[in-house]
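Hello,

Please find the structure below. My notes on its core and aromatic contacts follow.

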Amino acid sequence: MEIEKLIDTYSDYLYRIAFIYTKDRLAAEEVVQDVFVNYYHKSYQFEQKASIKTYLVKMTINRSYDYLRSWKNKKFFIAQFFQQYEKGAEQIYVEKELQGEITAAVLSLPVKDREVLLLYYYEDMTVFEIAELLELAVSTVKSRLQRARVKLKPKLSVEVMDDD
């Protein structure tokens with residue numbers, strides 16, 4: 001399959017996956033771009049043991065983890081931390097409203113917890129598909145889903161109670 005067709009077919013999907021990990025639109029775009037560039041240069045390494053979609057998703061997850069470990073990411077979050085004190089109360093309130101309560105709660109979870117939640121609920125993947133994609137045992141995916149739900153419940157309850 002030629003690279004343009006792959007980009008047209010999978011770029012939106014890979015962007016959503018990258019955003020699950022990075023929680024940043026620009027970083028997610030950068031991750032997806034890197035995935036396609038790397039695939040273009042190393043497509044000969046694709047052994048067709050899985051579908052091209054699975055291969056690209058795995059590359060996206062790995063590149064997202066690389067981004068999260070990078071100094072660039074850490075520097076960005078340090079800068080963001082100090083910038084929050086420069087913003088006015090009204091601007092902070094507007095930004096929080098725009099994020100959405102459920103999205104913010106899910107994205108506040110650790111990567112291992114939010115990845116299974118978002119793949120299961122947002123991407124409508126089965127537990128078996130998630131296990132294959134993340135190279136985990138099905139029981140591990142099930143326990144991560146359960147743990148993520150338990151962690152998410154109090155976050156959503158507190159936000160709902162604050163609105164009353």
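**Aromatic pairs and core**

Tyr65 is partly exposed, at 25% relative accessibility (buried is under 20% relative accessible area, exposed over 50%, partly exposed in between; 1.4 Å probe, protein chains only). The model is predicted, so local features need pLDDT of at least 70 and side-chain atom pairs pLDDT 80 or more, while totals for chains, interfaces and linings use all residues. Residues are numbered from 1 along each chain as its sequence is written, and side-chain values use heavy atoms, without hydrogens and water.

Three aromatic pairs were counted (ring centres of Phe, Tyr and the six-membered ring of Trp within 6.5 Å; planes under 30 degrees apart are stacked, over 60 edge-to-face, the rest tilted). One of them is Tyr15 with Phe19, stacked at 6.4 Å centre to centre and 25° between the planes. Both lie in helix H1, four residues apart (helices are DSSP runs of H or I, at least four residues, numbered from the N terminus). Tyr21 and Tyr65 form an edge-to-face pair, with 5.4 Å between centres and 65° between planes. This pair joins helix H1 to helix H3 across 44 residues. Tyr21 is buried, at 1% relative accessible area.

The largest nonpolar core has 42 residues; Leu6, Leu14, Phe36, Tyr39, Leu56 and Leu134 touch the most other members (a nonpolar core is a set of buried Ala, Val, Leu, Ile, Met, Phe, Trp, Tyr and Cys residues joined through side-chain atoms within 4.5 Å). H1 supplies the largest share of this core, nine residues.

Regards

Definitions and conventions. Helices (H or I, at least four residues) and strands (E, at least two) are DSSP runs, numbered from the N terminus.
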